[in-house]
Amino acid sequence: MTAEYRITESRLGGEPTLVVSAPDDSACAVLALRGATLLSWQVGSKATGRRAELTDGYRDEKELLSQDGVRAGLLAPFPNRVADARYHYDGHDHDLLPGADGDRLIYHGFARETPFELAHATTAPDSARLLLHTTSIRPGTYPGYPFALDLTVEYTLTADELSVGIRATNVGDTTAPYAAGWHPYFALSRPIDDLTLHIPAHTLIRTDASLIPLPGEDARLPLDDRPTMDFRTPRRLGDAVVDACYADLTPGPNGRIETVLTDPATGEELRVWQHNGYLHVFTGDTLARDRRASIALEPVETMTNAFNRAEHAAALALEPGRSRTFAFGVRYTAPAIR
């Protein structure tokens, strides 16, 4: 009988986790049920004979609970920031931080802290698929978001790829503003300076000092006008400091939009893929630990502050009874055997 992928229960401190392993242990992923958060993704290399850790996730329960750096957080019902934590939707004003007078910074939604449950799992000799589900987003649960959503996160693990799909279903009776994203950090070498990055984007989203995009078309800057931020031709990261959103992404021949991170010293390569949306890049210069030890390559459905931008209204609208899925993933290519 052919061996299949295995799924076992474990814990990160007091937090429940799931460990997904290939039959020969050549690939492994660890997921926390809190936020359906990827904690670790390791893939074996025939050239090196070892399993490489490809992500820089939360290392312990304290980090997971603090959410510092939002390591591999699933971003819903909004990615990145909402200006002043306020927005106007369908004739109503909403305040995501009611009563807060000082620091009104809010970002990356609240699904990343929400408890999920394992709803279903299937295993085969070449893959494992897990469905994680939550019904926690309901009116009155999260200030400023009086909408009812069910969220299902599908993880699929194969020998060299991790695929993710976030599916939201509006189970309420009013249209909800909704967008999703992912905030993973990847590490092929430390620090990231010698890695090569390729982003198939033609436009940079310009922001103010608070990282909120400028109004209207002023937010869109052709990358021809900002060569220091242009990675259409793969180039070494060096000392580049990036915390920016890229738009007008070009799909490859397979229909996927692929952002490619390469370690020239080893030939290792990561291809972060998505089918639509934007890509946010963060070089980790302000992280609380391990500054520039990894790079966040974040597929997102919309730009920052989409809840306050008219051009995103149609993309955000999730009508009662309707569902929408945002799919993305990452594929690893090991160095060739010499």
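Is Phe 307 buried or exposed? Phe 307 counts as buried, at 6% relative accessibility. Buried means under 20% relative accessible area, exposed over 50%, partly exposed in between (1.4 Å probe, protein chains only).

## Basis

This is a predicted model: local features need pLDDT of at least 70, side-chain atom pairs count only at pLDDT 80 or more, and totals for chains, interfaces and linings use all residues. Residues are numbered from 1 along each chain as its sequence is written, and side-chain values use heavy atoms, without hydrogens and water.

## Aromatic pairs

The whole structure holds 11 aromatic pairs. Rings of Phe, Tyr and Trp (its six-membered ring) pair if their centres lie within 6.5 Å; planes under 30 degrees apart are stacked, over 60 edge-to-face, the rest tilted.

Tyr 87 and Phe 307 are edge-to-face, because their planes stand at 65°, with ring centres 4.9 Å apart. Tyr 87 is in strand 7 (residues 86-89), and Phe 307 is in the loop between strand 24 (295-300) and helix 2 (313-316), 220 residues apart. Helices (H or I, at least four residues) and strands (E, at least two) are DSSP runs, numbered from the N terminus. Tyr 87 is buried at 3% relative accessibility.

Phe 110 and Tyr 142 are stacked: 4.0 Å centre to centre, 10° between planes. Both count as buried: Phe 110 at 8% relative accessibility, Tyr 142 at 18%.

## Cluster and charges

One aromatic cluster includes Tyr 87, Phe 110, Tyr 142 and Phe 307.

The charged end of Arg 71 sits over the ring of Tyr 185, 5.3 Å from its centre. For Arg 235 over Phe 231, the distance is 4.0 Å. The criterion: NZ of Lys or CZ of Arg within 6 Å of the ring centre and within 35 degrees of the ring normal.
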